[in-house]
Amino acid sequence: MKSFVTEESFWNLFPEARIGIVVAHGMKPTGEVAPEDAAAIARALAEANGKADQHLESNTISQNAVVAVWRDAYQQFKTKKGARCSIENLLKRVLKGNPVGSITPSVDIYNAVSLAHALPVGGEDIDAMVGDIRLGITEGGDAFRPLGEDEDAPTLEGELCYRDDAGAICRCWNWRDGERTALTDESAKAFLVIESVDPARADDLEAAVDQLADMVQRYLGADIFAKQIVTRGNPTMVIDE
C-alpha cells in the first residue's frame, strides 16, 4: 500500500492550504488513446491556452493575483534561486504569446486544467515511486535529477518538496519535476495534484479537481481510485493498494 502524507512542517507554514488529489489507475498508454480522444485533449489544451489570459490583469506577471499569492508562499521556505510556482511559468508563456504545447496525453490534460483554473497542477507515476509520497520541509540532500537534465540537483536544507523513500519527486513544492517519477506515454497509474494557498479559491479548487478526474476518466479510460481535498484536518490518503 502507498499513501500520500502531508507532514506537520508543511501545515505549520500553510495552515489554510488545500491540496486536491486525483488518483487515476489503469490509464491507457498513448498508443491506445482513440484518435477522437486525443483530438479532444488537444482542443482542451488549445482552449485553455486561449482563455488563460482571463486570469491576467497585468502585463507584469508578478502583479497578477493568481501569481502574487504564490510569490508570497515561496518566501516561506528555502528555494533554489529563480524557482517559481508552475502556474506562474505557464501563465508567463501565455503572456508572451507562446502557448503551452503537447507533451503526453496525461500531462496535456493536467496542463489544460492548470491554465483553465490558474492553479498549479502536477502529476507523478505511482509505479515509479518508492514507498509513500510525503510533502514537507526537508533536511536537504535528497537525490533528485531534474526532468530533462543530465546532472543531479539535490534538495536544499529547509526546502519544501514532495519526496519518497528514494529521494525528491518535485522540488520547491511545485516548481520542478524529477526524471524518475515523471509521467510518460506508458504510465498506467497517476498521482495528480492541484494546490491552493488562497482560502477564497476553495470552489475553484473543487471545480479543477472534478474536471481533472473527469478528463482522465473520459479520455484515458482511467479508473478514479481516489479523489480528495487534503487539509490540515484530513492530512493523509491511500493512493495505491
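This is a predicted model: local features need pLDDT of at least 70, side-chain atom pairs count only at pLDDT 80 or more; totals for chains, interfaces and linings use all residues.
Is histidine 25 buried or exposed? Histidine 25 is buried, with a relative accessible area of 11%.

**View 1. Histidine 25 in strand E2.** Strand E2 spans residues 18-25, and histidine 25 lies in it. The relative accessible area of histidine 25 is 11%, and buried means under 20%, so this residue counts as buried.

**View 2. The surroundings of histidine 25.** Neighbours within four places in sequence are left aside here. Histidine 25 is then in contact with Ile126, Ala188, Lys189, Ala222, Asp223, Phe225, Ile239 and Asp240. Two of these partners are picked out next. Lysine 189 is 164 residues away along the chain, yet its C-alpha atom is separated from that of histidine 25 by 4.4 Å.

**View 3. Helix H2 packed with helix H5.** H2 covers residues 35-51 and H5 covers residues 105-117. Their axes are 8 Å apart, at an angle of about 30 degrees. Angles under 35 degrees count as roughly parallel, and H2 and H5 are therefore roughly parallel to each other. The crossing of H2 past H5 is left-handed.

**View 4. Residues in the contact of H2 and H5.** H2 contributes Ile41, Ala44, Leu45, Ala48 and Asn49. H5 contributes Pro105, Asp108, Ile109, Asn111, Ala112, Leu115 and Ala116. By class, this contact has 9 nonpolar, 2 polar and 1 charged residues.

Terms used
Residues are numbered from 1 along each chain as its sequence is written. Side-chain values use heavy atoms; hydrogens and water are left out. Axes are lines fitted to C-alpha atoms, for helices over the stretch in contact, and angles run from 0 to 180 degrees between N-to-C directions. Helices (H or I, at least four residues) and strands (E, at least two) are DSSP runs, numbered from the N terminus. Angles under 35 degrees count as roughly parallel, over 145 as roughly antiparallel, 65 to 115 as roughly perpendicular and the rest as oblique. A crossing is left-handed if the near helix is turned anticlockwise from the far one by less than a right angle, and right-handed if clockwise. Contact means heavy atoms within 4.5 Å. Ala, Val, Leu, Ile, Met, Phe, Trp, Tyr, Cys and Pro count as nonpolar, Asp, Glu, Lys and Arg as charged, and the others, Gly among them, as polar. Buried means under 20% relative accessible area, exposed over 50%, partly exposed in between (1.4 Å probe, protein chains only).
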